[in-house]
Amino acid sequence: MSKFEAAIKKGVYPPLPILSSIDFSLLTDENEWILLFQYVAAFPSVLKEVTTLQKQGLGLYVTSSIKKLCLFLVNLAHEFSVYYSKVKILLEPQGHLLPLMYARLALVSSVKQVLYNGLKLLSIEPIDQL
């Protein structure tokens, strides 16, 4: 995202449009849909399950809920790594390629937000770049 934001400042790309105007049907790679449905869309349900387990009481439940959240985040990071290594996110700044690029950038931004929120819940300070 930082490369995209720098390119916007240089005038290479127009800014990312609002989410409701992005055409996610352009995402055709299987990993994109796995990321979107098994992780981004599923994150609220995982959080609800984790907090429900914690409210039920004993330390054993707290341990298992933390484990579930950790496994979810590790699996998300792995799936995103596989996706990122095979799909080009930033495309040429040509009009016909921008909608696909915007859909991919919105997906990347969503994955980043899920990872950020999950790590914060575990009291781990997320980093922006390696």
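Author: A residue is called buried when its relative accessible area is under 20%. The model discussed here is predicted.

Reader: Are phenylalanine 4 and tyrosine 13 buried or exposed, and how is their aromatic pair classed?

Author: Both phenylalanine 4 and tyrosine 13 are buried. The structure holds six aromatic pairs. In the one formed by these two residues, the distance is 5.6 Å centre to centre and the angle between the planes is 35°, and the pair is tilted.

Reader: How are the rings of tryptophan 33 and phenylalanine 37 arranged?

Author: Both residues lie in helix 2, four residues apart, about one turn of the helix. Tryptophan 33 is partly exposed at 28% relative accessibility, and phenylalanine 37 is exposed at 52%. Planes under 30 degrees apart count as stacked. The ring centres are 5.5 Å apart with the planes at 15°, so the pair is stacked.

Reader: What is the nearest side chain of opposite charge to glutamate 79, and how far away is it?

Author: Glutamate 79 is placed in helix 4. Beyond its neighbours within four places in sequence, glutamate 79 contacts Asn31, Ile34, Leu35 and Tyr39. Glutamate 79 is buried yet has no salt bridge. The nearest side chain of opposite charge is lysine 86, at 7.3 Å.

Conventions
Residues are numbered from 1 along each chain as its sequence is written. This is a predicted model: local features need pLDDT of at least 70, side-chain atom pairs count only at pLDDT 80 or more; totals for chains, interfaces and linings use all residues. Side-chain values use heavy atoms; hydrogens and water are left out. Helices (H or I, at least four residues) and strands (E, at least two) are DSSP runs, numbered from the N terminus. Buried means under 20% relative accessible area, exposed over 50%, partly exposed in between (1.4 Å probe, protein chains only). Lys and Arg count as positive and Asp and Glu as negative; His and the chain ends are not counted. A salt bridge is a side-chain nitrogen of Lys or Arg within 4 Å of a carboxyl oxygen of Asp or Glu. Contact means heavy atoms within 4.5 Å. Rings of Phe, Tyr and Trp (its six-membered ring) pair if their centres lie within 6.5 Å; planes under 30 degrees apart count as stacked, over 60 as edge-to-face and the rest as tilted.
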